[in-house]
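Hi,

Here is the structure I said I'd pass on to you.

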Amino acid sequence: MEGSDVYGNMGFHQQTGRRALVDRRRIQAPAKTAVDDEEEVDYANIEDSVEPEEKTPNSKKPLAEEPKPQAATKSNACGAKSIVVLYILLIGSSAVWMALFSRAFAKYSEIAAVLQDLRTTQKILQDNDSEIAAVLQDLRTTQKILQDNDSQLSALVTSFGNDMSHLISKVCIKTCPCEWISFNEACYYFSKERADWHKAKESCNSKNASLAVISSDQELDYLKSRIGSTHHWLGLSDSETEGSWKWLDGRLVETRFWNSGEPNNAANNEDCGKVTNSKLNDVPCNSEEHWICEMKL
Ligand code: MAN
Ligand code: CA
């Protein structure tokens with residue numbers, strides 16, 4: 001049969017045309033009789049059975065007015081093409097949407113990964129910030145401790161310096177200069193050279209001292225023990241008033257300090273006194289003798 005597929009089935013449009021033709025004939029046909037009811041329409045062979053009738057000249061409507069199967073086929077073919085085009089467009093648009101969605105999803109994944117990295121970096125920076133803040137706090141605490149210690153140390157150094165100055169001042173007062181010897185709150189210098197009484201007196205004065213004056217028997221005994229058999233000038237004379245012996249500090253010379261028979265002003269020229277391994281003796285002031293200087297502490 002023409003218009004059938006490989007299995008002998010009619011095409012969709014061909015079936016539609018035939019059904020329309022059958023329906024028209026039913027409408028145009030007279031009321032069915034019992035006899036008519038016995039006649040069953042063979043839809044399968046409708047084309048063969050109705051075609052001769054359509055060709056009869058007594059039909060009410062000419063066959064030309066019936067829908068032409070050829071035109072319906074063409075219209076249906078256009079519809080099928082449209083559906084195919086729509087399917088293609090739908091598939092195409094779906095593919096585009098899928099591509100766009102896939103691209104958007106990929107971008108979203110990238111952005112999400114970047115955001116995650118940023119959050120991780122932010123967390124690391126926050127942790128570092130906390131650590132740095134803690135270290136800074138420790139440094140400030142250490143600085144404060146060091147400053148306090150520095151202040152305390154400075155105060156201690158100042159106090160120690162004051163104490164040392166006080167001690168040194170006392171030690172200096174209490175200590176005799178080099179080559180001087182200490183006895184009973186006084187320092188004594190025994191000269192190695194000799195000179196007359198006045199030069200000896202000037203030498204002692206240049207050392208912020210004076211020719212030694214005797215205040216006690218112990219002092220005299222101590223000096224005698226240091227000089228042995230040599231003679232040394234002491235700070236006594238009667239230059240102002242003959243016979244009136246005075247120490248350089250203005251005190252009168254005690255009689256008991258004189259050696260036996262002294263002062264005898266031998267040759268009427270003995271106005272200066274010296275000490276020997278015995279006691280005191282008056283001798284000429286221009287004699288060359290060692291001398292003893294004395295400095296009070
Ligand atoms: C003797 C005594 C002393 C005197 C001296 C002078 O030793 O007469 O009194 O001072 O000579 O050298
Ligand atoms: Ca004498």
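Which residues does alanine 200 touch, not counting residues up to four places away in sequence? The list is Ala195, Leu211, Trp233 and Trp291, where a contact means that two C-beta atoms, placed from the backbone, lie within 7 Å.

Before the rest, some housekeeping. This is a predicted model, so local features need pLDDT of at least 70 and side-chain atom pairs count only at pLDDT 80 or more, while totals for chains, interfaces and linings use all residues. Residues are numbered from 1 along each chain as its sequence is written, and chains are lettered from A and ligands numbered from 1 in the order in which they are written.

The overall layout
The chain has six helices and eight strands; these are DSSP runs numbered from the N terminus, with helices being H or I of at least four residues and strands E of at least two. In sequence order they run α-α-α-α-β-β-α-β-α-β-β-β-β-β. Of the 297 residues, 11% count as buried. Buried means that 20 or more other C-beta atoms lie within 10 Å of the residue's own, exposed means 12 or fewer, and partly exposed is in between, with C-beta atoms placed from the backbone. Among contacts between residues at least 6 apart in sequence, 59% join residues at least 24 apart.

In α5, the buried residues are Trp197, Ala200, Lys201 and Cys204. They sit on the same side of α5 because they cover an arc of only 100° around the axis, taken from the directions from the helix axis to the C-beta atoms. Glu202 and Ser206, on the other side of α5, are exposed. The cover over the buried residues includes β3 (210-211), β4, β6 and β8. Just after α5, asparagine 208 has a positive phi of about 55°.

Around the ligand

The peptide bond from glutamate 262 to proline 263 is cis, with omega near -5°, and proline 263 is in the loop between β5 (246-247) and β6. Alanine 267 lies in the loop between β5 and β6 too, and has a positive phi of about 60° although it is not a glycine. Alanine 267 counts as exposed because it has 7 C-beta neighbours inside 10 Å.

Asparagine 184, in the loop between β1 (181-182) and β2 (186-190), has a positive phi near 50°. With 10 C-beta neighbours inside 10 Å, asparagine 184 counts as exposed.

One note from the records
An unreviewed UniProt entry annotates residues 84-106 as "transmembrane region"; its positions follow the numbering used here, feature names are shortened, and annotations may be inferred rather than shown by experiment. In the model that stretch is 100% helix and 0% strand, with its end C-alpha atoms 32 Å apart.

Cheers
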